[in-house]
Every structure is written in C-alpha cells, then in structure tokens.
Amino acid sequence: MAVRPYWKGYLKLSLVTCPVQMMPATSENEKVRFHTLNRQTQNRVVSQYVDSVTGKAVKEKDEVKGYQRGEDEYVILEDDELENVALDSTKTIDISTFTPRDSIEWIWLDTPYYLSPNDPVGQEAFSVIRDAMEAQNMVGISRLVITRRERAVMLEPRGKGIVLWTLRYGDEVRDEDTYFEGIGDEQADSDMIQLIQQLIKKQTRDWTPKMLIDPVQDRLLDIIAMKKKALKKPSKSKAKAPASPAPNNVINIMDALKKSLAAETRSRK
C-alpha cells in the first residue's frame, strides 16, 4: 500500500511554481512500542485531560489553547486563529534566500524530509530549481507551517530530489563557549597524538548503516519472543547476570594507548 504524503503544497521561486509532496526522511515504525495496561485486568489504560481544579475529565470540544499572561490568567486562542497564522507558508514553500551549503553548521539542522514533484507537469520546474542550486552548491531558505508551527526550513538538492530540513531557532541553540570554556589550553603530547593517529588508522572503515545497531531493540525482541513462547506456562524467575565490574581509572595514558594498538594488531592476525 502506498504511503500517504506527510504534506502537499507548492514549491515557489519567483514566478516558477510547481506542486510538491513531502515525506519524513526517517522513521521509528520498526521500534518496539509498548502500551500501558492495567496489571489487574490487562486492559489498556486510556489517557485523558483533567481539569486541574475540579478534577473532572475535559471533553475534546472544550479543549482550547491558552497563553499564560499572569497567575491563573490566560489569553485564549481558538483553532481557526492558530490556523490563520502565517497562512502563506501553510501550503507554499517560497524560497526567499539562498546561501552556501557549507555556511550552515550541523547544529542548526533539525528534522529531514524528502521533497519531490507531486505532478508530472511540475517536474521540469522542480528539476530546474534543484539543478541550479546543485550547480552553485547553494541551499534555499524558506518557511513552512508544520503542525501549526511556522518553521524556518533549508532545501538541499540530493540526487533526483530535494531534502528539506527544518531548522532550529536561534534561542534553541546553546552557545558552545559556555560549555567549552572550562577546558584547559594545554597542548597534547605529540607522541600520544601519533599513537592515537595509528589507532584511528587501524580502526578506520568505510561508512555503512550497519555500523549503527540498536542492541537494546534486539534484546527487547528476544525477551518478547521468549515471553510469547512461555505465555501459557508458569513463569520462572531468571537469575540476574552479575554486573560488569567498573573499569579501573587509567593513570598512564601512553601505556593504555600502546596496549590498545597491540590488542588491535593481534585481533587482525
């Protein structure tokens, strides 16, 4: 079954416009997910909004957004008011600025989406915008409403399509100097650097997604499979594996590096 687009609208650059669709570039659908149950009945627990003063459940039609302006004082915003904010960027990605790709650091990138033409008629316009940015190593900056919030976005050519990244706002990125200022200015020992470089060289591999595994996910699936088999059998307590001893503090860094290189060399013989 075809996956429905996350968003549909238009990509616009000056007078050039084409219909596009957007899909999330990442997914967590394969992750193990749990429901909260009542231990006594094993029925699912349903969450609901409750009035903080009366303690009574609030009907969905009575739920409304409020901006706090004082103690127990709120400015109420209705759904239609929220939907009308930044209306132009609700259905149109209007590229207003271009900037060199390497001028935007990784820390500003938030969530990636795949952008592609939504109509064969618009493929030519889409390709022209994509290829022009690619030729000059430029990315486009625009704005887009996603889940009722207007986000700054970056459009980056990638293969036949475009990757749209939502960007973090300035107040969401913390200043690195605040966290790095306590690090001393001492220069690293040149002999140690050479040993580290040897270790890096020995452990260098070509990138593959297989480098990124989730051992917790695998263990959870094993536990679930075991419990499925034993669902109708009386449960047996499983002995806890002894905790791994904490590693001793390494005092001599040079010795530790030499041992690491020696171990790495032996493992390859």
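**Notebook: strands, buried side chains and a surface patch**

I began with contacts (heavy atoms within 4.5 Å) and found that, among those in the chain between residues at least 6 apart in sequence, 62% join residues at least 24 apart. Before going on I noted that this is a predicted model, in which local features need pLDDT of at least 70 and side-chain atom pairs count only at pLDDT 80 or more, while totals for chains, interfaces and linings use all residues. I also noted that residues are numbered from 1 along each chain as its sequence is written, and that side-chain values use heavy atoms, with hydrogens and water left out.

**Whole chain**

I looked up the secondary structure and found 7 helices and 10 strands; these are DSSP runs numbered from the N terminus, with helices being H or I of at least four residues and strands E of at least two. Of the 269 residues, 19% count as buried, where buried means under 20% relative accessible area, exposed over 50%, and partly exposed in between, with a 1.4 Å probe and protein chains only. The chain exposes about 22700 Å², of which carbon and sulfur atoms supply 52%; the areas come from the Shrake-Rupley method with a 1.4 Å probe, and for residues only the protein chains shown count as cover.

**Strand β10 and its partners**

I then asked which strands pair with β10, pairing being defined by at least two DSSP bridges between two strands. Strand β7 (residues 109-117) pairs with β10 in the antiparallel sense over 5 bridges, and L109 has L167 of β10 as its bridge partner. Strand β9 (residues 149-158) is also antiparallel to β10, over 6 bridges, with V153 standing opposite T166. I noted that β9 and β10 form a hairpin with 2 residues between them, and that G159 in the turn has a positive phi of about 60 degrees.

Is T166 buried or exposed? T166 is buried, because its relative accessible area is 2%. Its side chain reaches the backbone nitrogen of T111 at 3.0 Å, which I logged as a polar contact (a pair of N or O atoms within 3.5 Å; within protein, one must be able to donate a hydrogen and the other to accept it, and residues adjacent in sequence count only if both atoms are side-chain atoms). Leaving aside neighbours within four places in sequence, T166 is in contact with residues including W108, T111, I146 and V153.

I compared this with S142, which lies in strand β8 (residues 138-146) and is buried, with a relative accessible area of 5%. A polar atom of the S142 side chain lies 2.7 Å from the backbone oxygen of D94, and, not counting residues up to four places away in sequence, S142 touches I93, D94, I95, R151, A152, V153 and L155.

I then looked at T41, in the loop between β2 (16-24) and β3 (65-70). T41 counts as partly exposed because its relative accessible area is 43%, and its side chain reaches the backbone nitrogen of N43 at 3.2 Å.

Last, I asked which residues make the nonpolar surface patch of about 290 Å², and found F34, L221 and I224. Patches are made of residues with over 30% relative accessible area and no salt bridge, like charges being joined within 9 Å and nonpolar side chains (Val, Leu, Ile, Met, Phe, Trp, Tyr) within 5 Å; a salt bridge is a side-chain nitrogen of Lys or Arg within 4 Å of a carboxyl oxygen of Asp or Glu. L221 is found in helix α6 (residues 215-229) and, at 43% relative accessibility, counts as partly exposed.
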